[in-house]
Amino acid sequence: MQSENKEITIQDVISKRKQHARRVDTKLILRAYQYAQKYHGEQCRRSGEPYIIHPLNVAYILADIGLDDSTICAALLHDVVEDTEVTNNDIRKEFGDEIAEMVAGVTKLGTMQFASIEEQQVEDYRKMFLAMGKDIRVILIKLADRLHNMRTLKYLKRDRQIANAKETMELYAPLANRLGLYSLKWELEDLGFKYLYPEEYHELVEGINKKREERLKFIEKIMDDIRVELKKQRIDAEVTGRAKHLYSIYRKMKRDNKTLDQIYDLFALRILVNSVKDCYAALGVVHEMYNPMPGRFKDYIAVPKPNMYQSIHTTLLGDKGTPFEVQIRTWDMHRIAEFGIAAHWAYKEASYFGKKQSVKVEEDKLAWLRETLEWQKEMQDPQEFLNTLKTELFEDEVYVFTPKGAIKVLPRGATPIDFAYTIHAEIGNHMTGCKINSKMMPIITPLQSGDIVEIITSENSKGPSRDWLKFVKSSSAKNKIQSWFKKAQKAENIEKGKELIEKEIKRIGFTHADLFKQEYIDQMLEKYKYKTLDEMYAAVGFGANSAVKVIARMLQEYRKEHQEEDIEQKIEELKKAKVKKTKPSSSGIIVKGIDNCLVKLSKCCNPLPGDEIVGYITKGRGVSVHRKDCVNVKDLLSEENRMIDVEWVNENQANYQVDIEVHSNDRSGLLVDILKEIGTTKAKILGVNTKTTKERIAIIDITLEVENLEELNKAIKVLRKVDSVYEVSRKK
């Protein structure tokens, strides 16, 4: 992979492309480059360098893994629609449908309005997956884009570094792994590791460098010995050694609770041969030379991974019992191991230039992608979608067998219920029991690789149990179980949905007649892709969507059309009212020109004395007070005639609740130290909620009671000094 220090030129991109193809449309690539350069113009990146450097690097990464001319062009143009005045139609006219579709696939949904940043992010992911289903090259551009952004992450502020690194570790690296793009996966993981755990990263680098020479000598001697023995057996092979990637070493240290000195297989040997027969012959040679470690042999040639990866892995014991890993594969397998799906293009043979080509996902190779596209349609809840997406993408899998010997790949921790639904939905729905390795077992038993599973069904079965949803691991099984309940309990769900909708309408002070006009309903149904009102009620009753979101969409239409004359009139009266000395409300706030007004501090931003604030006249609930920097104020400003001036009373009259969020590397005694430091300030603790991520990042939400902004800032200042804490912020 290219270092970030060398400046890439368009000639480098074309040269790299020519290494993989005999015929290259140089004119098309140059035209795309000149178009991108013209429209990005004088735009610069955070590093200060011209923006065009970024698309050039993305194109180079893709040329390096063997992508075609159209993808290279789309990579050069991938930010033009998002960051300049160019539209997707302009790209279509200039470069054709194929390139325009790819550019559209990687362009974020900047123009649509969403209820939250999280919903925006999820919709971007959904769009990416749908585009990926049509043309897998979209996701490869996205991965190359992320890789170059990670290489230049040092130019961003610490909070953005952490956010980008986390998203990379949770989504993009597992996605590269799922697509078999190990060359990208390893670098994404190592860069994510570097920014999430900088201290551990540098310690590991130093520790490895200290003993590098000693380990290299050890591995080189083994490589020489293996080469000699393979030659004797007349096996044509290339034997190479490589240092294991930093993040995989770190993960192993954490998993096995070992120090670096206790991790011996820091280097892996790779034996590349010409045929599958030679793979097994080479395996026989190395097992003859060295003792294999029990339980450390994996044959991914006989049972390939779902991402098409094939190789034999074995761990052997060298001199003095030092373990080392050997991977044996053919040259074709090696190409797929490095470049995954990129090595599997299914181009339609057509005349070289000008004709449309399509690159389709090979169905048997990426069945998981089809499933992803299926279940993502069903999920309206952003958090559920994100969690399922991250679970689906992780590598941990078990390989189990049907009684006839067919292999099924399931997520680690999957149960016979998951297994039944991979065979057919009806098998799962009528399941009453199972046998694992010919022995009757509970249907919630976690399966192990190599298990032979037999499903017992009955026509009299009443269908799946809701409790099964707690135990199944695959999104496919969850989706099929939920579909069964949707159909089986549709009438009940419709009634429940109606009840929840009516409750929400009443809560916000409207009537059914106000909001349920056909034009409002049509807009809501279109947004959530429902065909009928009953389908919407059923989804709300079942929990696939919320009443709040459905009503919010219709409320948007109501506000566009309805003048709300009574409110407008009331506001005008308030504005014309004689200005008199006003009394502060119980919340310590004066609403200019109005006495004894009901004032409510908005919970979305929890304003404090000292914050700049604005007031918003609500329907029937007085004045709602927001911080000026509150994320919701942007939406409120469109209704200027409902904004009103408010100010804090000079003297401190009340205590205020405020939420803060602490991010820290997890360690023993962390919470005690945090609570101790808050105790040194005047702030009172009202509540604490903690959680720790898989990456061992502790996220601590603390609710404080303070008198003003100054007190809050003191509390934040002392928390930032706590060991291991790297970010303290007030929740907006």
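The model is predicted, so local features need pLDDT of at least 70 and side-chain atom pairs count only at pLDDT 80 or more, while totals for chains, interfaces and linings use all residues. Residues are numbered from 1 along each chain as its sequence is written, and side-chain values use heavy atoms, with hydrogens and water left out.

One of the pairs joins Tyr290 and Phe324. Their ring centres are 5.2 Å apart and their planes stand at 90 degrees, so the pair is edge-to-face. This pair links distant parts of the chain, 34 residues apart. Tyr290 lies in the loop between α15 (276-289) and β3 (291-299), and Phe324 lies in strand β5 (residues 323-330). Helices (H or I, at least four residues) and strands (E, at least two) are DSSP runs, numbered from the N terminus. Tyr290 is buried, with a relative accessible area of 10%. Phe324 is buried too, at 1%. Buried means under 20% relative accessible area, exposed over 50%, and partly exposed in between (1.4 Å probe, protein chains only).

Tyr300 and Tyr309 give another edge-to-face pair, because their ring centres are 5.9 Å apart and their planes are at 70 degrees. Tyr300 counts as buried at 12% relative accessibility. Tyr309 counts as buried at 5%. Elsewhere, ring pairs link Phe193, Tyr197, Tyr201, Tyr247 and Tyr250 into a cluster.

Rings also meet charges. The charged end of Lys185 sits over the ring of Trp186, 4.3 Å from its centre. The charged end of Lys527 sits over the ring of Tyr528, 5.3 Å from its centre. A charge sits over a ring if NZ of Lys or CZ of Arg is within 6 Å of the ring centre and within 35 degrees of the ring normal.

Helix α2 (residues 26-40) has 15 residues. From its first C-alpha to its last it reaches 21 Å, close to the 21 Å expected at 1.5 Å a residue. The expected span is 1.5 Å times one less than the number of residues. The buried residues of α2 are Leu28, Ile29, Ala32, Tyr33, Tyr35, Ala36 and His40. They cover an arc of only 160 degrees around the axis, which puts them on the same side of α2. The arc is that of the directions from the helix axis to the C-beta atoms. Lys27 and Lys38, on the other side of α2, are exposed. The cover over the buried residues includes α1 (10-18), α3 (53-64), α4 (69-77), α5 (80-83), α6 (88-95) and α7 (97-106). Contact here means heavy atoms within 4.5 Å. Just after α2, Gly41 takes a positive phi of about 50 degrees.

Most residues other than glycine have a negative phi. Arg234 has a positive one, near 60 degrees. Arg234 lies in the loop between α13 (212-232) and β1 (237-243). At 80% relative accessibility, Arg234 counts as exposed. Asn437 also is not a glycine, and its phi is positive, at about 55 degrees. Asn437 lies in the loop between β8 (431-436) and β9 (439-441). Asn437 is partly exposed, with a relative accessible area of 41%.

Strand β6 (residues 397-401) and strand β7 (residues 407-411) pair in the antiparallel sense over 5 bridges. Two strands pair if DSSP finds at least two bridges between them. Tyr399 stands opposite Val409 in β7. The hairpin of β6 and β7 has 5 residues between the strands, and Gly405 takes a positive phi near 95 degrees there. Strand β6 is mostly covered, with 4 of its 5 residues buried.

A further set of strands forms an open sheet of 4 strands. Its order is β12-β14-β13-β15, with mixed pairing. At the edges stand β12 (599-601) and β15 (643-644). Each has a single partner strand, so one side of each is left without a neighbour in the sheet. Strand β12 and strand β14 (residues 623-627) pair in the parallel sense over 3 bridges. Lys600 stands opposite Ser624 in β14.

Methods:
Rings of Phe, Tyr and Trp (its six-membered ring) pair if their centres lie within 6.5 Å; planes under 30 degrees apart count as stacked, over 60 as edge-to-face and the rest as tilted.
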